[in-house]
Amino acid sequence: MTVRGNLPAQTTTFIGRRAVLAETGALLGRARLVTLAGTGGVGKTRVALEIGRAVARAEVFQHGVWVVPLGDLEEPALLARAVAAELRIVDNSPDAGLGRLVESLYDKHLMLVLDNCEHLLEPVRHLVHHLLRDCEGLTILTTSREPLGVYGEHVLRVPPMDDDAVELFLERAAADGSPVPALDGLPLSIELAAAWPAEVREQLTGDATLEQVLEWSARHCTDEERQLWAALSVFPADFDEAAAEAVAGGKVLEPLSALVRKSIVVATTSPATQRTRYRLLTTVARFGARQLTDADELLRRHALHYSAFVDEATRSWFSPDEALWMARLREEWPNVRAAIWHALKTPDLAEAGAVMAMNVQRTRFTTFTGMLGQARDLLAAAREVITTPPLRTSLLAHSAYLAQVQGDMAAALPLMNEARALPRRPVTDIHLVIVEATHLFFVEGSPDCVPLYAHVVELCRQYASPGDAYITELMHAMASCFLLDAEAAEKATTGLLRLAESDWSQAWGRWHQPLYELLHGDPAQVHPLAVESLRIQLTLGDTWGPAFNLWLLACACAELGAYDRAARLLGALRTQERISRISFANMSPFHKLLERTDRAVRRALGDDYPVITTLGADLRYEQAMAFALEPVPDSERRPAKPALPGGLTRQEFTIAGLVAEGLTSKQIGARLFISPRTADRHVVNIRVKLGLPNRMSLAAWHRSATGT
């Protein structure tokens, strides 16, 4: 968590409420839990945000002020995950409980604002109790129509506005000389009334309640505007014009603009697309929902619209527009998540919901943003309702693969075995064969996985998206590097680099280059190449890839003899594994190399090893990344080994020696596990490099070079 808060930009001036602000500020100075309670529309959220801005300006909290809107959250079990997502906490845990949240916040000093808690009182009570107990630097401000009832809670009733109501009305309304209506001092009522012309406001008489103001506003809307108001209430979060049209079933720009002018809908600008997005305040949305005559049909349209959106993202993310798609997925995530849950609960939409759950993961969005826990929740829910193949086969395979790439083989194996027992088709084989290949790769370390990955690549080209094909090419190249000879590894690595079409894929292509050098080439080239890959990942905000680069950099530093640096990176890697829920220990090829690195570092550092690795483990994420990006000073490297005669590589010098022993190309191939043709080509290349005419002269050269 490197950002210092997520307070929304202030779009209108904040009027009055000086006494409430002062009292709330005073309470926060001596209490760790304050609840702003009051009726709907009284301005609890605005007060909380204004307090948050004041606290942020004063830099009271080292790690900032974070706002979590809960009005759109319908699934109580997702509360901890929703809070983690708003705080940009990596939450890849299969457990949806509080563990990951506490782990991330226990040493932080921040203020957490939980807004609109009234429909989730019991889960919020549980969450707040445990966070305050386990996270000593945490202060929580909540807004709710009623108190939480948690020990240590200080409740402040937010009253209606008094004299400030006139100031707010005059600020929001045109200065037309019309009388200021009595509106119970509720800011939302005032905002709604002020948006109307004076001749309309004159009809609002008496001491109107918020409900009466909402009813009055609805009466003065056109039929089209009222219908749209009701339809928009199904959105759990903000939305764009296209989504509004999909739900309403037609063009909406004119009535939507009218609702914005009447303060019924709030308009903002998307930082991702720079286009207008819209939202309804919670109280306004609840009033609109009560006017619905057919909510099921509107929710169906909402689910189908976001199904199409996710489908397009799945086809489009592997492209130069990838950063835009990631940003769009993030801002639409509350809508996408709600659409999936609704679809899975609706029998004739359940299959569409299951496909959405898989497609979200195919975009790599949840991997990239550190929300694999939510992806696993959605896939588990889909498996509960989809009981027959071929869709169940794909769901099981998707779930297994997600567990595999985290090193969670205990969860992956039963899912894979169940999928294997079901009937197979080419489309399901895309998902199932990659799981079987990954089991051979990560668990058994068998080169038999390589042709399976190649088969999936061909299936992807026929039945899937370019992004799916690239992911499989990446696994194929990785397996080739770990499990095959240098020639096959070089071919796979070069092919992967050619396929990169986006910054994300270029980062992985550049990660693969140093992997090849570490296993088959020049270890001295590994560190700068891995740093280049890591730099791209950090620029993109990728939360997944950096762990793989820390692994690579630790191995590279050990090869260079920079053992102190390698130990710090090993410590940082262990912390990153815990945060990302990646277990290299359960990925056999990675684990073997990591073990070799760890042994070398332990031998070199002796008793200093645990101290130095602990220093690395204690680095904050941003500190660990800054350290990883540093070049390795020459003073930390061990002296370079003398260059081999003739400038040959280790493998080339070995082959020259085998020629000197009188071995044929076929015999050399058998000795080095390469094909006779490859061995012969190496011999020719060595002769060309040394300027020698034949094998006999090469044998003589080697004997002279070694003094034999």
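What is the relative accessible area of Asn 116, and is Asn 116 buried or exposed?

Analyst: Asn 116 is buried, with a relative accessible area of 11%; buried stands for under 20% relative accessible area, exposed for over 50% and partly exposed for what lies in between, using a 1.4 Å probe and protein chains only. This is a predicted model, in which local features need pLDDT of at least 70 and side-chain atom pairs count only at pLDDT 80 or more, while totals for chains, interfaces and linings use all residues. Residues are numbered from 1 along each chain as its sequence is written, and side-chain values use heavy atoms, with hydrogens and water left out.

Asn 116 sits in the loop between strand S3 (110-115) and helix H5 (121-134), where helices (H or I, at least four residues) and strands (E, at least two) are DSSP runs numbered from the N terminus. Although Asn 116 is not a glycine, its phi is positive, at about 65°. Most residues other than glycine have a negative phi, and most peptide bonds are trans.

Arg 88 belongs to the loop between helix H3 (79-86) and helix H4 (99-105), and it is partly exposed, with a relative accessible area of 43%. A cis peptide bond joins Pro 389 to Pro 390, with omega near 5°, and Pro 390 is found in the loop between helix H18 (372-385) and helix H19 (391-405).

Ser 263, which follows helix H12, has a positive phi near 65°. Within H12 (residues 253-261), Pro 255, Leu 256, Ala 258 and Leu 259 are buried. Seen down the axis of H12, these buried residues fall within an arc of 160°, so they line one face of the helix; the arc is taken over the directions from the helix axis to the C-beta atoms. The cover over the buried residues of H12 includes helix H10 (223-232) and strand S8 (276-279), whereas the face turned away from the buried side carries the exposed residues Glu 254 and Arg 261.

Helix packing can be followed at helix H1 (residues 18-30) and helix H2 (residues 44-57), which pack at an angle of about 60° with their axes 10 Å apart. That angle makes H1 oblique to H2, since angles under 35 degrees count as roughly parallel, over 145 as roughly antiparallel, 65 to 115 as roughly perpendicular and the rest as oblique. Val 20, Leu 21, Thr 24, Gly 25 and Leu 28 of H1 make the contact with Val 47, Glu 50 and Ile 51 of H2, contact meaning heavy atoms within 4.5 Å.

Towards another part of the chain, Met 696 lies in helix H35 (residues 695-706) and is exposed, with a relative accessible area of 68%. The C-alpha atoms of Met 696 and Ala 660 are separated by 7.9 Å, and these two residues are 36 residues apart along the chain.

For the chain as a whole, the secondary structure comes to 35 helices and eight strands, and the C-alpha trace spans about 110 × 55 × 45 Å along its principal axes. Of the 708 residues in the chain, 55% are buried, and Asn 116 is buried as well.

Conventions. Axes are lines fitted to C-alpha atoms, for helices over the stretch in contact, and angles run from 0 to 180 degrees between N-to-C directions.
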